[in-house]
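Please work through the exercises below with the sequence and the model open side by side. Each task is followed by a solution in steps.

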There are 2 protein chains.
Amino acid sequence: MVKNSKEAGAEQRILEAAKKVFMHKGLSGARMQDIADEAGINKAMLHYYFRSKDKLFEVIFKEAASNLFPKMVAIISEDISLFDKIRKFTREYLEIVIENPYLPLFVLNEINKQPANFHAKMFGAKPPDFSLLVKQIDSEVKKGIIKPISPVHLVMNMMSMCVFPFISKPMLQIVMHVDDLQFRYLMEQRKTEIANFIIDSIKK
Amino acid sequence: MVKNSKEAGAEQRILEAAKKVFMHKGLSGARMQDIADEAGINKAMLHYYFRSKDKLFEVIFKEAASNLFPKMVAIISEDISLFDKIRKFTREYLEIVIENPYLPLFVLNEINKQPANFHAKMFGAKPPDFSLLVKQIDSEVKKGIIKPISPVHLVMNMMSMCVFPFISKPMLQIVMHVDDLQFRYLMEQRKTEIANFIIDSIKK
DNA sequence: ATCTTTGTTAACCAAATGGTTAAATTTAAT
DNA sequence: ATTAAATTTAACCATTTGGTTAACAAAGAT
């Protein structure tokens, strides 16, 4: 009855292995044999289930990106106050990235290597759109609730502080003398820290 | 009399070509033939001047990193007020990255792929050390000049806001509807914008 | 039970790729 | 001018790598 492998079906095992290998080595750095080994199956199986390396990569990449963007857009589209939105966005985004620390670098890398294809392939008709948030910020500035600030800069700042520490973890660890445990703790703190930092800056 | 190529010596041309190709495609994505073509010379020349692909890459990488880190350390080691230091760091760092927009992603990528080798290979005995800045921040907090904030978070925030926009440029352009010219202008603004944003947040 | 479809494997293949070599060309030294 | 050293090139080589094939095994259908 032990079908073919440890537990899950072959296809699932391949996907998990591919994710792991692609995330760490990138498209060009990954070897089909690495993925097969990681999945504990024959290399030909990769081509049996997914026709080619590129096809397999596309599956992994789409799943990765669909893990990042929709959530983002959902939060910024909610009808809540700006401060609450900032708090919610930074908290929930941190939670996602803490669970998938390699995701951002992986996605950003491939976007940078294929800026053309990416846009169309990734989110065909409806790309993530931050203009709602931008309008909300503009509105709050005009109403005099927050200090004057360019919405684009504010959004950039927010996203930067959420994502960058994970991308630069090894470097940060060196220059800031932080070990893995401390890093984990710091990221936990940032779930509230970032929002406080931003709000302190823009509130009147 | 036309020595061997357009103008510079072969070695220099190789270095420029290698930099360009490695920056865009990474170590594993770059092909020696690509570099040779880009430099307009025979592939064997690459091995004549630099023994192997790895050796050539190491030269490029070290030059890239040595372009990023020492400047960073120099500024944070200066004996000036915290606010001035924040202003100077963000401005000068932005200037470096504006001139070398692909540098950060390139360096961070390779650090992430070789965390072990990197540390030793990159800055042997004296790694960049931010503890001076950390102490200065701690001191200003205790003296009551700025609000209480964890120095590590503050430094992370500052670096994030400087570097991340360049790493995520293609994504930002999509979600924020920004073209190349606007992006360039935004980055110019950030030379002062980031410091203001930080100082507004931490000043009392 | 037999046949058919699906899943799996080892062996193989062609192209790509990093690297080498030996000859040719250029430059510099005597 | 002659010789020696440095530079450059085309042809080659060995390995790696994505991908294919044909045989085999397992499962389902009849």
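Predicted model: local features only at pLDDT ≥ 70, side-chain atom pairs only at ≥ 80, totals over all residues.

Residues are numbered from 1 along each chain as its sequence is written, chains are lettered from A and ligands numbered from 1 in the order in which they are written, and side-chain values use heavy atoms, with hydrogens and water left out.

**Exercise 1.** State how many helices and strands chain A has.

*Solution.* Step 1: take helices (H or I, at least four residues) and strands (E, at least two) as DSSP runs, numbered from the N terminus. Step 2: chain A then has 11 helices and zero strands. Step 3: the C-alpha trace of chain A spans about 65 × 45 × 35 Å along its principal axes.

**Exercise 2.** Describe the contact between chain A and chain B.

*Solution.* Step 1: with contact meaning heavy atoms within 4.5 Å, 54 residues of chain A touch 54 residues of chain B. Step 2: buried area is the accessible area (1.4 Å probe) that two parts lose on being put together, summed over both; between chain A and chain B it is about 4900 Å², and carbon and sulfur atoms give 72% of it. Step 3: a polar contact is a pair of N or O atoms within 3.5 Å, where within protein one must be able to donate a hydrogen and the other to accept it, and residues adjacent in sequence count only if both atoms are side-chain atoms. Between the two chains, 18 residue pairs are in polar contact (both at pLDDT 80 or more). Step 4: on the side of chain A that touches chain B, H9(A) gives the largest share, 13 residues. By class, this side has 33 nonpolar, 14 polar and seven charged residues; Ala, Val, Leu, Ile, Met, Phe, Trp, Tyr, Cys and Pro count as nonpolar, Asp, Glu, Lys and Arg as charged, and the others, Gly among them, as polar.

**Exercise 3.** Count the salt bridges over all chains and between chain A and chain B.

*Solution.* Step 1: require a side-chain nitrogen of Lys or Arg within 4 Å of a carboxyl oxygen of Asp or Glu. Step 3: A:Lys88 pairs with A:Glu78, their closest N and O atoms being 2.8 Å apart. Here A:Lys88 belongs to helix H5 (residues 82-99) and A:Glu78 to the loop between H4 and H5 of chain A, 10 residues apart. Step 4: two salt bridges join chain A and chain B, one of them between B:Lys147 and A:Asp200 (3.8 Å, N to O).

**Exercise 4.** Characterise the largest pocket and the second largest pocket.

*Solution.* Step 1: on a 1 Å grid over the protein atoms alone, a pocket is an open set of points where a 1.4 Å probe fits, with protein on both sides within 12 Å along at least five of seven lines; lining residues have an atom within 4 Å of a point. Step 2: the largest pocket has a volume of about 1100 Å³, a volume being the space filled by probe spheres set on the points, which are joined across faces, edges and corners. Among its 46 lining residues, A:Asn109, A:Asn112, A:Lys113, B:His24 and B:Leu105 are the closest to its centre. Step 3: H1(A) gives the largest share of this lining, eight residues. Step 4: the second largest pocket holds about 410 Å³.
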